[in-house]
Amino acid sequence: MEPMMRAQEEEKEEEEGHYRSPPWLIPMLRANYFVPCSIHAGSNKSECNMFCLDCTSDAFCSYCLVNHKNHRVLQIRRSSYHNVVRVNEIQKYIDISCVQTYIINSARIVFLNERPQPRIGKGVTNTCEICFRSLLDSYRFCSLGCKLGGMKRGNQSLTFSFKGKHEREYLGGSESDEATTPTKIRKTCAFNRLMSGLLICTTVKSDYFSGDQRCTSSGDESGFNLSPGTPPIYNHRNSSRRKGVPHRAPF
């Protein structure tokens with residue numbers, strides 16, 4: 001009876017997890033990756049590292065992509081013998097907040113399943129709520145599977161659904177990998193100041209050639225004079241006069 005009761009509890013947890021997570025998430029986490037494809041076993045690079053979010057079936061190889069045209073397909077990668085997926089691919093479909101991400105080979109990734117840490121190092125102040133792997137202070141889980149485990153525990157604040165500004169991305173909109181940073185804001189302000197300076201210089205130059213020596217900005221009614229001083233008047237008739245015959249001084 002105990003195995004049957006345990007199976008019923010797991011089925012109930014899965015139903016609750018499906019309620020607050022997309023139906024393809026649990027099959028993707030449980031799929032068997034990096035095994036030879038049963039259809040293209042004789043071909044090179046026929047390992048199963050693809051998962052279709054629309055079919056939610058087993059993993060498949062790159063040769064099987066022709067059977068999933070116009071489907072949402074994720075490529076699963078490996079890091080330290082663990083399955084990972086790139087952040088810029090997975091965050092188009094689910095909210096991965098509270099899950100720590102890592103940068104491997106210049107790409108930000110997130111782990112699929114839990115990675116228990118046998119021994120916690122000294123000075124660790126934050127760990128995963130499920131598998132107790134050491135984390136940065138701003139995260140709660142080390143993988144998508146651990147976040148799903150936190151949801152199964154009844155934490156109502158956790159969800160894989162997008163909220164607010166992320167709703168457009170969940171409906172298929174594009175998303176930048178990085179949010180606006182103070183560095184980008186400073187660069188934008190510097191660029192705007194540079195363009196404003198070029199606009200002022202262009203206006204002054206135009207006014208100078210048109211005879212107007214006063215440049216007034218749109219935000220200042222008094223304006224300011226940036227034109228150079230008026231050059232002296234030069235008489236061209238005097239320059240064309242020929243010199244007379246020199247006279248010798250008397251003895």
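## Ground rules

Helices (H or I, at least four residues) and strands (E, at least two) are DSSP runs, numbered from the N terminus. This is a predicted model: local features need pLDDT of at least 70, side-chain atom pairs count only at pLDDT 80 or more, and totals for chains, interfaces and linings use all residues. Residues are numbered from 1 along each chain as its sequence is written, and side-chain values use heavy atoms, with hydrogens and water left out.

## Two residues with positive phi

Ser 80 is not a glycine, yet its phi is positive, about 55°. Ser 80 sits in the loop between strand 3 (77-79) and strand 4 (82-86). Its relative accessibility is 60%, so Ser 80 counts as exposed (buried means under 20% relative accessible area, exposed over 50%, partly exposed in between; 1.4 Å probe, protein chains only).

Cys 98 is not a glycine either, and has a positive phi of about 75°. Its loop runs between helix 3 (87-90) and strand 5 (102-104). Cys 98 counts as partly exposed, because its relative accessibility is 25%.

## The second largest pocket

A pocket is an open set of points on a 1 Å grid over the protein atoms alone, where a 1.4 Å probe fits, with protein on both sides within 12 Å along at least five of seven lines; lining residues have an atom within 4 Å of a point. The second largest pocket holds about 160 Å³ of space, a volume being the space filled by probe spheres set on the points.

Helix 2 (25-30) and helix 4 (144-152) each supply at least two lining residues. Helix 4 gives the most, with 5 residues. The lining includes Ile 26, Arg 30, Glu 114 and Lys 152. By type, the lining divides into 4 nonpolar, 3 polar and 3 charged residues. Here Ala, Val, Leu, Ile, Met, Phe, Trp, Tyr, Cys and Pro count as nonpolar, Asp, Glu, Lys and Arg as charged, and the others, Gly among them, as polar.
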